[in-house]
Protein chains: 2
Amino acid sequence: MRFECPVPSRTRELVTLGHGGGGKLTHRLVTELFLPAFDNDALRELHDGAVVPAPRGDRLALTTDSFVVSPPFFRGGDIGSLAVHGTVNDLAMCGARPLFLALSLILEEGFPLSDLSRVLRSVSESSRAARVQVVTGDTKVVERGKGDGIFITTTGIGEIVPGIEISPRRVSAGDSVLVSGSIAEHGISILSLRDGLSFDTELASDTASLWPLVESVLACAGDRVHALRDATRGGVASVLNEIARSARVGIRIEGERVPVREEVRGACEVLGLDPLYVANEGKCVAFVAAGCGDEVLRTMRRSALGRDARVIGEVVDDHPGVVRLSTGFGGSRVLDMLSGEQLPRIC
Amino acid sequence: MRFECPVPSRTRELVTLGHGGGGKLTHRLVTELFLPAFDNDALRELHDGAVVPAPRGDRLALTTDSFVVSPPFFRGGDIGSLAVHGTVNDLAMCGARPLFLALSLILEEGFPLSDLSRVLRSVSESSRAARVQVVTGDTKVVERGKGDGIFITTTGIGEIVPGIEISPRRVSAGDSVLVSGSIAEHGISILSLRDGLSFDTELASDTASLWPLVESVLACAGDRVHALRDATRGGVASVLNEIARSARVGIRIEGERVPVREEVRGACEVLGLDPLYVANEGKCVAFVAAGCGDEVLRTMRRSALGRDARVIGEVVDDHPGVVRLSTGFGGSRVLDMLSGEQLPRIC
């Protein structure tokens, strides 16, 4: 069954402060937009919270993220699908099967109800595709000029696959470092829509749920998967630095092995950006035990999202806390953590 | 042990876009402000999500709320304690013991780091008092003029007390309706701080965790507690209307029994507000089976937050979906759901 969000009767209808007031308009918003979008037993109760069956297993994963991406609609997705995928992916990075989502909106007075409907349809479709249920939510409205259209906070619960132990602390010398596909597509796609940037691209955001890929990797390598991280804000370089610091190991990356599509490379050159620092929304970095890198690589490549996966480096005993990038011709340089903000409001 | 949030070295230091960029500044924010505030095993992993032990019992409660209260600091609390209490209370209203919180911030560029530190200290103290752990979080920063200082989204997980079945569907004719204390204090306290309102009050917000009170009520009345709702946005009147509609029952309220402090009544008269529609942040409405109203009342009154609890009415067969208010002298009127927005950004 395909969900159709009812189009508001007047397409130019706008969000008002009353939609966040807890009265009749809030009630209408819930019953006319939210319930049809996310119909399920827990939500239908219209309670202050959702009551859900406790997941199996003895460990839960819990994750939350606010999404403030600007603009909210872009090639390949929108703030709604981004929020679902971002949260589902954070659960997957804990080795957890995503189960339930909570959805909280902060709307700016004057945001078109038709745009809200479009975002909710996107949340509905992407959560159904990712097999998670949106079971509870909240909506607040702020005055014009005190917000920016729509902000979304999604929180997810997942059940951790038994026997899996994903933690930066388990990363150690000899581990292979893989990336699940070509990088920097989300960031470049968003940037191409920003005012004042003079480049045109057909490039779409890579926003997608990584759970199917992660599930197959865990099935293949089990507890030999030491750490997983999706390379969002700050890109692959930030993820590598975080892991190097947490695990107190060195990481050596072969720059030439990192998959970057020609179009992305071109755009990065024009903009003066290093693709290693540009955000992804459907790519992860995996640290797996010595000797199983190739096996995990083959598994990733069989997954729809992992066809361009590569082994890009390894964990070393030298230079703990530091990531070094081999630049070809025998040279190498430190790949540092980003100092400031490269691309504001990318997610 | 009392937590002391380190005061940022330069007290005039402001939030910049870089604090939300995922690089060095984000890392500093996490390690210097968040980790000291909410130190626990799950958070210390600095993973994309938290791994927590699965709660006992076969049912979980999940709830989420965004907080956009203006101003963020007020007598009796601030946006931080409000967020913790609001979420903990929504869990309590499901009959769930609060366990874990996820905390997501949307900051406006230029928000003072000292104010952020103050909010985090408040979240830390109120969550510790409520015995919930903040196990995961996120921070985004938006440009000046695209937000309003600080917005907080908290999501909570709780374990539902075995044998408890709280649902509007269980409300039926004969049920007693109780309110746990005097109403409208949060709303009036916030309003007194708004520009252009010419009244002065010593009144503080009633923001507080209702779980201890709810726990004692559940221990006393068990599954004879049919529904619980905290009377936040839209006040007691909105809660009553929501239940009347969900349960398809009539509700009769004795206006004179509703506890309203003299100071609140005076302020409401000046402002032209009906206290029944004004927000509370530490008061709940309880629907309990016929015959156990007095027992629950005595239990509530033994709790610190329930000293002014009252039985305010009952559920009736007549006028399903409608709340009627007895106004004294034998008269009565419909107590409708609020049409628009009475008090924007009250929570």
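Colleague: How many residues does the contact take from chain A and from chain B?

Modeller: Keep in mind that this is a predicted model. Chain A brings 80 residues to the contact, and chain B brings 80 residues.

Colleague: What area is buried between chain A and chain B?

Modeller: Carbon and sulfur atoms give 55% of this area. On chain A's side, A:Asp48, A:Leu62 and A:Arg233 supply 12% of the area that chain A buries against chain B, more than any other three residues. The area buried between the two chains is about 6,400 Å².

Colleague: How many salt bridges are there between chain A and chain B?

Modeller: A salt bridge needs a Lys or Arg side-chain nitrogen within 4 Å of an Asp or Glu carboxyl oxygen. The side chains of B:Arg233 and A:Asp138 meet in one, at 2.8 Å from N to O. Between the chains, the count is 14 salt bridges.

Colleague: And how many residue pairs are in polar contact between chain A and chain B?

Modeller: Both residues of a pair must have pLDDT 80 or more to be counted here. On that basis, the count is 34 residue pairs.

Colleague: Now to a helix. Where does H1(B) bend?

Modeller: H1 covers residues 24-37 of chain B. Its 14 residues reach 19 Å from first C-alpha to last, close to the 20 Å expected. The bend is about 30°, and it sits at B:Val30.

Colleague: Which parts of chain B do the buried residues of H1(B) pack against?

Modeller: The buried residues of H1(B) are B:Thr26, B:Leu29, B:Leu33, B:Phe34, B:Leu35 and B:Ala37. They pack against helix H2 (41-44), strand E5 (96-108), helix H4 (113-129) and strand E6 (133-142).

Colleague: What span should H4(B) have?

Modeller: H4(B) has 17 residues, counted at 1.5 Å a residue.

Colleague: Which residue with a positive phi follows H4(B)?

Modeller: The buried residues of H4(B) include B:Leu113, B:Leu116 and B:Ser127. After the helix comes a residue with phi near 60°. That residue is B:Arg131.

Colleague: Last one, in chain A. Is A:Ser126 buried or exposed?

Modeller: A:Ser126 lies in helix H4 of chain A. Leaving out residues up to four places away in sequence, A:Ser126 touches A:Gly80, A:Ser81, A:Val84 and A:His85. Its relative accessible area is 8%. The cut-off is under 20%, so A:Ser126 is buried.

Conventions:
Residues are numbered from 1 along each chain as its sequence is written. Chains are lettered from A and ligands numbered from 1 in the order in which they are written. This is a predicted model: local features need pLDDT of at least 70, side-chain atom pairs count only at pLDDT 80 or more; totals for chains, interfaces and linings use all residues. Side-chain values use heavy atoms; hydrogens and water are left out. Helices (H or I, at least four residues) and strands (E, at least two) are DSSP runs, numbered from the N terminus. The expected span of a helix is 1.5 Å times one less than its number of residues. The bend at a residue is the angle between axes fitted to the seven residues ending there and the seven starting there. Buried means under 20% relative accessible area, exposed over 50%, partly exposed in between (1.4 Å probe, protein chains only). Contact means heavy atoms within 4.5 Å. Buried area is the accessible area (1.4 Å probe) that two parts lose on being put together, summed over both. A polar contact is a pair of N or O atoms within 3.5 Å; within protein, one must be able to donate a hydrogen and the other to accept it, and residues adjacent in sequence count only if both atoms are side-chain atoms.
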